[in-house]
Amino acid sequence: MSTVILFNKPFNTLSQFTPEGGHKALNEFNLPPKVYAAGRLDYDSEGALLLTDNGKLIKKLLDPDLNHPRTYLAQVEGQITQEAIQQLENGVIIKGYHTKKCKAKIVSEPENLWDRNPPIRYRANIPTSWIELTLTEGKNRQVRHMTAAVGFPTLRLIRTKIGNIKLENLLPGQWKIVEEKIF
């Protein structure tokens, strides 16, 4: 029987067990032994990260041909437009690559969202807005590159769902054993 863990990775934490360059890593969160991250989440991104001791599952989660969905909340600089949302949904060109179509929508600021430490930079004359994106591919820093390509740089990025597994009320640094099917 394999173990699957959903972990809410805090901001400024590496998606690996070995600390590097003075950065926090997964070794600080009392995770079960012999589990490994099934994918990664950038150091400056937060939210859902799956860990498991099942090598076949890790391989499946990392296989780009399987197109498993991942959902993100992004706080972007400026008041995002419906035109920008449409561009994101159709795919944009980042670093010479045309991203796959995705789902995107404007959402309200989440009500029960934890504070980030440090908080995002605040500018009185520049509003921010929130979008939800569901991608089926995972290029390096893809959401950040995509929102920048349509003129709305990402200020905060939180992965809220991997396949069917939702972050829900798990706070940063907390984890739980996953019982439900991922896909």
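Which residues line the largest cavity? Select Glu 77, Ile 120, Arg 121, Tyr 122, Arg 123, Ile 126, Pro 127, Thr 128 and Leu 155.

This is a predicted model, where local features need pLDDT of at least 70, side-chain atom pairs count only at pLDDT 80 or more, and totals for chains, interfaces and linings use all residues. Residues are numbered from 1 along each chain as its sequence is written, and side-chain values use heavy atoms, without hydrogens and water.

**The cavity.** On a 1 Å grid over the protein atoms alone, a cavity is a set of points where a 1.4 Å probe fits but cannot get out; lining residues have an atom within 4 Å of a point. The whole structure holds one cavity of 30 Å³ or more. The largest cavity has a volume of about 60 Å³ (the space filled by probe spheres set on the points, which are joined across faces, edges and corners).

**The largest pocket.** A pocket is an open set with protein on both sides within 12 Å along at least five of seven lines. Go to the largest, with about 610 Å³ of space. Its lining has 30 residues; Arg 40, Arg 70, Glu 137, Gly 138 and Lys 139 are the closest to its centre. Now colour α1 (55-62), β4 (70-77), α3 (142-149) and β9 (154-162): each supplies at least two lining residues. Helices (H or I, at least four residues) and strands (E, at least two) are DSSP runs, numbered from the N terminus.

**The second largest pocket.** About 370 Å³ of space lies here. Select Leu 73, Thr 160, Leu 167, Glu 168 and Asn 169, the nearest to its centre among 17 lining residues. Finish on β9, which gives the most to this lining, with three residues.
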